[in-house]
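This report describes selected features of a two-chain model. The sequence and structure come first.

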Amino acid sequence: MEISIVAEPLFSIAGFTVTNSLFMAIVVSFFGFIAVFLLIQPKKFTMVPKGAQNVIEAIFEGLLSFMEGITQNRRQATQFFPLVATIFLFVLFSNWSGLLPGAGTIGLHEMNGGKVMFIPIMRSPSADLNMTVALSLISVFSVQLFGILALGLRGYASKFFVAPWKAPYVVGTAVGLLELIGEGAKVLSFSFRLFGNVFAGEVLLTVMLSLVPYLVPLPFLVMELFVGVVQAGIFSLLTIVFLKMATAEHEAHEAHEAH
Amino acid sequence: MEGVQAVVANADNAKFFSAAIAIAAAAFGPGLGIGYLVSKGLESIGRNPEAHSKIQTSMILGIAFTEAIAIYALVVALMILFK
């Protein structure tokens, strides 16, 4: 039983190391592109959907209405849709790609520092901290960007930098700074949540497979399918909620005055 | 006591012990937290079934935040084990 917390390097191109999880990420994106080119052909789309168009519309409409339920605003939902739907689909298929037959079991034996190491060719991209950190950075940076676009630079900055001589005085300043730290902590929690869940799932499957190779891993595989959906859902759900929070006006004052 | 020292003196055993303690201690709080969250969420769904989808969304959000704490410890434990 060999488990490595870092993704194993497969080969390197001009000093750039391609790890097995990067390889899988490329494969997942490649199939994503193929699916888009094959399935989404606006010229063939008809008013009354049939076949593949029906499935695509069902998926997209489900996602959009889910987002609309959270943002309570059609315009915002359509504005956030490209980012959030992309994150959802990519994370979903990355999580599931680690469950394909052969993932983590088919590989090469390579000499590494005098020891023979087993290097699996396929590894879920989500089971690599690099990928999850990159994805959470994208998500958190777009949250800041949408916040600035919606409120303007001054309006958005006033969420974090509150003058100590105004309404809630020093408390407001401290809370603002804490929120600024919280923005950084989002990256941490986003990336660790996804990585932890998917990598723990892989470890669980490996342990189960080595204990009892037949039948017993099956329910765990089903559970991992479920965990993959839930984690993709949570990643995109949190992105929407943070986007919604970042683009919302500063309400603390109004609520204060209303009381 | 000497027996414990002998066990922990072995680097591998120390690793296993520290990973086990890390995840065991960290699973305690979030476990209680998620239980409390879901019980309150179900209670409020029972009281107001029309708000089912709204409550469920915020409940899952809360669970995600609570679970993240356990996941931090899980990542630490995995790092201790497989480093």
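## Two helices of chain B

H2(B) and H3(B) are roughly antiparallel to each other, a label given to angles over 145 degrees, while those under 35 count as roughly parallel, 65 to 115 as roughly perpendicular and the rest as oblique. H2 of chain B covers residues 11-47 and H3 of chain B residues 52-82; they pack at an angle of about 175°, with their axes 8 Å apart. Axes here are lines fitted to C-alpha atoms, for helices over the stretch in contact, and angles run from 0 to 180 degrees between N-to-C directions. The contact of H2(B) with H3(B) is made up of 21 nonpolar, eight polar and two charged residues. Ala, Val, Leu, Ile, Met, Phe, Trp, Tyr, Cys and Pro count as nonpolar, Asp, Glu, Lys and Arg as charged, and the others, Gly among them, as polar.

## Basis of the description

The model is predicted: local features need pLDDT of at least 70 and side-chain atom pairs count only at pLDDT 80 or more, whereas totals for chains, interfaces and linings use all residues. Residues are numbered from 1 along each chain as its sequence is written, with chains lettered from A and ligands numbered from 1 in the order in which they are written. Helices (H or I, at least four residues) and strands (E, at least two) are DSSP runs, numbered from the N terminus.

## Chain A overall

Chain A contains seven helices and four strands, in the order β-β-α-α-α-β-β-α-α-α-α from the N terminus. Its C-alpha trace spans about 65 × 55 × 40 Å along the principal axes. Of its 259 residues, 28% count as buried, that is, with 20 or more other C-beta atoms within 10 Å of their own; 12 or fewer means exposed, and in between partly exposed, with C-beta atoms placed from the backbone.

## Hairpin and helix in chain A

Strands E1(A), residues 9-13, and E2(A), residues 16-19, run antiparallel and are joined by four bridges; pairing requires at least two DSSP bridges. Ser12(A) is opposite Thr17(A), and Ile13(A) is opposite Phe16(A). Two residues separate the strands of this hairpin, and Ala14(A) in the turn has a positive phi of about 50°. None of the five residues of E1(A) is buried.

Helix H2(A), residues 51-71, reaches 30 Å from its first C-alpha to its last, close to the 30 Å expected for its 21 residues; the expected span is 1.5 Å times one less than the number of residues. Gln72(A), with a positive phi near 60°, follows H2(A).

## Contact between the chains

In the interface, 13 residues of chain B are in contact with 18 residues of chain A, contact meaning C-beta atoms, placed from the backbone, within 7 Å. The chain B side comprises 10 nonpolar residues, two polar and one charged.

How values were computed: Contact = placed C-beta atoms within 7 Å.
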